[in-house]
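Reader: I have just opened this one. Can you walk me through a few parts of it?

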Protein chains: 2
Amino acid sequence: MPQHHGAPVRLAVSTVIFALRPAHSGQPVLWTPLVRRTREPQRGLWALPGGWLPPNEELEAAAARTLRATTGLAPKYLEQLYTFGEVDRSPDARVVSVVYWALVQSDEAARATAGPNVRWVPADTLPRLAFDHNAIVEYALWRLRTKVEYAEIAHAFLGETFTLAELREVYEAVLQRRLDPANFRRTMIASGRLAETGERVAGAPHRPPKLYRYETPTETAGAREPFMGERPAS
Amino acid sequence: MPQHHGAPVRLAVSTVIFALRPAHSGQPVLWTPLVRRTREPQRGLWALPGGWLPPNEELEAAAARTLRATTGLAPKYLEQLYTFGEVDRSPDARVVSVVYWALVQSDEAARATAGPNVRWVPADTLPRLAFDHNAIVEYALWRLRTKVEYAEIAHAFLGETFTLAELREVYEAVLQRRLDPANFRRTMIASGRLAETGERVAGAPHRPPKLYRYETPTETAGAREPFMGERPAS
DNA sequence: TGGTGTTCTGGTCAGCTTGACTGTAAGCTG
DNA sequence: CAGCTTACAGTCAAGCTGACCAGAACACCA
């Protein structure tokens, strides 16, 4: 038994934060900020931003607060990921962690705060983290990549207006595979969630692309995934 | 402030349990067991099975234990649903509940234990429950119906062997719409996860159906959802 | 014993989506 | 103005899905 009878279960909230940063290859890559632990246990190791849940703070608010404290940014996307509670995941006490995952806008992430105890690293190649945090980040990456609502995710990484090429780069970075520009255009236009702004981007040494923005959802009714032989209600 | 400074956050584990029970219409319907609260707060109201998390018990084990205590059954499917932690969801203390959802086999559910403080009700028409449990069950229902892994779900409700009609009835009950038998057959056979047992069901006044069983997954590699214009890696 | 009703089971067909591919338009650079 | 690169539009075949049809197989009843 790793602890004494009657010792209470402690509840923590942690956040996995993702941002897209341009890489040498030109293709943007996912990065995530880590904080160095300044107290025992696992002092000195890098870990996810987080802390104990204050009794009067909402779970999501606690996640947003630690995110702001770490990066100085406000999340454009914040969702509960999973609750990790294995008995032995922390050496001393029993700690249950409610983990959130967040996306922050890419251009803002460039000027995010950093310091001796905060460090951004590529999400795919992490150092050894404290506790079970490596597994948590891997799970968050999996969730990001298998998420159905890609539109929301892409929107979180981009600004108000964007070109279809920028939007495609977000998808390619998240999905980790190249997409055909022409087919991507067709699919996105057909989704009906994009609206032309009427503007174009000039200055580049090529044909100037149109700028788009996301339309407000306007409650597209009946957007259900087709599944199996449907049948008229008898 | 609903509580005093320094009062610890308490952690509970609850479980939403689903079983399919035949209804008058012939079509099976989702049922769920509830327990009556025997102490304050909300004494007398019906609520989800659950309890405080013992410091030395895994989260999933706690969910399975309360499930067994309530129904006398072992879950064929058990997965974490969500963690609910609104500050005011419980009148006195700050309670964070890690909620699991479980599926139990239908024919076993018929002989599940019940008593004055345990009651099975149709999942779609619940009475007023304690705390935020009505919303929790609704969320569990939504998750059940939008789950991608239908094969696992159907398997959890059925026995080892089953006919395609039985399998289809599970899908129809969960999805709440009729499916075309011929198209359903085609899709399920094409999935490759069903295996004929060679046996048939006799005795019914119709053509006897074949019996099937689920094949072990055997790691079907590359089972990825198609998404957008793929492109050969350059 | 043979007809009848119901379900099981295999098949066709049109419409839509998807991946692959071709061709034209439009800007900048030298 | 030639040349290059990207933006954008369109075609085509393959596969999947929903709708529908028809024969097969059994129990039941007359």
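Author: One term to begin with: angles under 35 degrees count as roughly parallel, over 145 as roughly antiparallel, 65 to 115 as roughly perpendicular and the rest as oblique. This is a predicted model, where local features need pLDDT of at least 70 and side-chain atom pairs pLDDT 80 or more, while totals for chains, interfaces and linings use all residues. Residues are numbered from 1 along each chain as its sequence is written, with chains lettered from A and ligands numbered from 1 in written order.

Reader: ok, at what angle do the axes of α4 and α5 of chain B cross?

Author: The axes of α4(B) (residues 150-157) and α5(B) (residues 164-175) cross at roughly 110° and come within 10 Å. The two helices are therefore roughly perpendicular to each other. Axes are lines fitted to C-alpha atoms over the stretch in contact, with angles from 0 to 180 degrees between N-to-C directions. Helices (H or I, at least four residues) and strands (E, at least two) are DSSP runs numbered from the N terminus.

Reader: which residues make the contact?

Author: From α4(B), B:Tyr150, B:Ile153, B:Ala154 and B:Phe157; from α5(B), B:Leu167, B:Val170, B:Tyr171 and B:Val174. Contact means C-beta atoms, placed from the backbone, within 7 Å.

Reader: new topic. what does A:Val16 touch?

Author: Beyond four places away in sequence, A:Val16 touches A:Thr32, A:Leu48, A:Leu81, A:Val99, A:Trp101, A:Ile136, A:Val137 and A:Ala140.

Reader: and in chain A, how do β9 and β10 run?

Author: Antiparallel, with four bridges joining β9(A) to β10(A), residues 210-214. Strands pair if DSSP finds at least two bridges between them. A:Glu196 has A:Tyr212 in β10(A) as its bridge partner.

Conventions. Two residues are in contact if their C-beta atoms, placed from the backbone, lie within 7 Å.
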